[in-house]
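Here is a short tour of the fold you are about to see. Have the viewer ready, and we will go through the helices together.

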Amino acid sequence: MQPPVPGGEEVKMGPPCPRCGRQAPAGGGPFCPFCGRYLAALRWVAEPPPGVNPPRPVTVRSRYTGPPRYRFLPRWGFPLGPWRSPEPEQPPPDPLLGARTLVGSLVPLLWATAAVALLASGAEVWRYALLLASREGALQAEAVAASDALVASAGTVAPILSLVVGVLMILWTVRAARAAADRAGVRPSRSTRTIVLGWVVPGLNLSIPGSVLAEIEHSAIGLPPGMRPRPSRMVLVWWGLWAAGVVLTAVVLLWSLRDGVQARADGVVLHAVLDLVAAVTAGVTARLVLRLTRLLAPTAPRRREVLLAVNPPAGAPAAPA
């Protein structure tokens, strides 16, 4: 109730003071005239700063125009058959394991190539001996036929074995080079393409194969990566035999273009020498591959416990006979 005032007019009163409880007259200001308290009621409201909650996007519903239409038959979709769980990612293959796996096939084929090449060299020597004997008289038809058959058989089998051995040797070199680099903790000095081209391109095959094998030996022994590789005696011997074989192959190919009886006789000698060098090179290669593989993956020595004797303690009674 508003208190009456003289003259019949009512005086409007403001809100009660929260401190003293008295009502101040309306229009008296924001402060209580009795105690000075601020009369407006305070209410603190916590609101997030602008930009924290982005406004919700307004979705506009498009008008339905019917099922989708394509100009051509769609090729996407689910594959036929039941759903299958994705296969877990497999780790990259271990190059050392791959090199050791190839050794089981490469080394026997190298020894087989050496045997066939040695047989081909002997067949060429026999043919040259028949050529020398033909100057003094006629030859037996059986001996000539056997010599020709032996030369033809060895000349057919040896290139096939050499091709297979060459492919396996290149694969082994690539994997062994990666395994040696992993063991040394460095990147391979040559890429796979460089190694393959170094084996098959004439001219490059005189230096790159020996360099790669020397680097494999350097890392397999455990020498520092920054040190210049120094090939061992076996690697140097193999390198010399390999270079001699490459040069002799080029000489034999060029010599076969010549005509004449003496040129053919000299070609028989060159073939015999080439086959002999190929046989020795294959044998040395087999030993070198085994040596480098064992250096890359040394096997733990097998220890055996051998009981020599058991001495009875002092003062113990002897066992009855």
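At what angle do α3 and α4 pack, and how far apart are their axes? The two helices pack at an angle of about 130 degrees, with their axes 8 Å apart. Axes here are lines fitted to C-alpha atoms, for helices over the stretch in contact, and angles run from 0 to 180 degrees between N-to-C directions.

## About the model

This is a predicted model, in which local features need pLDDT of at least 70 and side-chain atom pairs count only at pLDDT 80 or more, while totals for chains, interfaces and linings use all residues. Residues are numbered from 1 along each chain as its sequence is written, and side-chain values use heavy atoms, with hydrogens and water left out.

## The overall fold

The protein has 6 helices and 2 strands, arranged along the sequence as β-β-α-α-α-α-α-α. Helices (H or I, at least four residues) and strands (E, at least two) are DSSP runs, numbered from the N terminus.

Of the 321 residues, 26% count as buried; buried means under 20% relative accessible area, exposed over 50%, and partly exposed in between (1.4 Å probe, protein chains only). Among contacts (heavy atoms within 4.5 Å) with a separation of 6 or more, 60% join residues 24 or more positions apart.

## Where α3 meets α4

At about 130 degrees, α3 and α4 are oblique to each other. The cut-offs are under 35 degrees for roughly parallel, over 145 for roughly antiparallel, 65 to 115 for roughly perpendicular, and oblique for the rest.

On the α3 side, T194, I195, G198 and W199 take part, and they meet I208, P209 and V212 of α4. By class, this contact has 5 nonpolar, 2 polar and no charged residues. Ala, Val, Leu, Ile, Met, Phe, Trp, Tyr, Cys and Pro count as nonpolar, Asp, Glu, Lys and Arg as charged, and the others, Gly among them, as polar.

## α2 and its two partners

Helix α2 (residues 141-184) and helix α6 (residues 261-296) have axes that come within 11 Å and cross at roughly 25 degrees, so the pair is roughly parallel. The crossing is left-handed, meaning that the near helix is turned anticlockwise from the far one by less than a right angle (right-handed if clockwise). From α2, the contact uses M169, W172, A176, A179, A180 and R183, and from α6 it uses T285, V289, L292, T293, L295 and L296. These divide into 9 nonpolar, 2 polar and 1 charged residues.

With helix α3 (residues 192-200), the axis of α2 comes within 10 Å and crosses at roughly 145 degrees. Here the crossing is right-handed. M169, I170, T173, V174, A177 and R178 of α2 meet T192, I195, V196, W199 and V200 of α3, giving 8 nonpolar, 2 polar and 1 charged residues.

## A look at L213

L213 sits in helix α4 (residues 208-221) and is buried, at 1% relative accessible area. Beyond its neighbours within four places in sequence, L213 contacts W172, W238, L288 and L292. L213 and L288 are 75 residues apart along the chain, yet their C-alpha atoms are separated by 9.1 Å.

## Cysteines

How many disulfides does the structure hold? There are 0 disulfides, a disulfide being a pair of cysteine sulfur atoms within 2.5 Å. C20 is partly exposed at 34% relative accessible area, and C35 is partly exposed at 28%.
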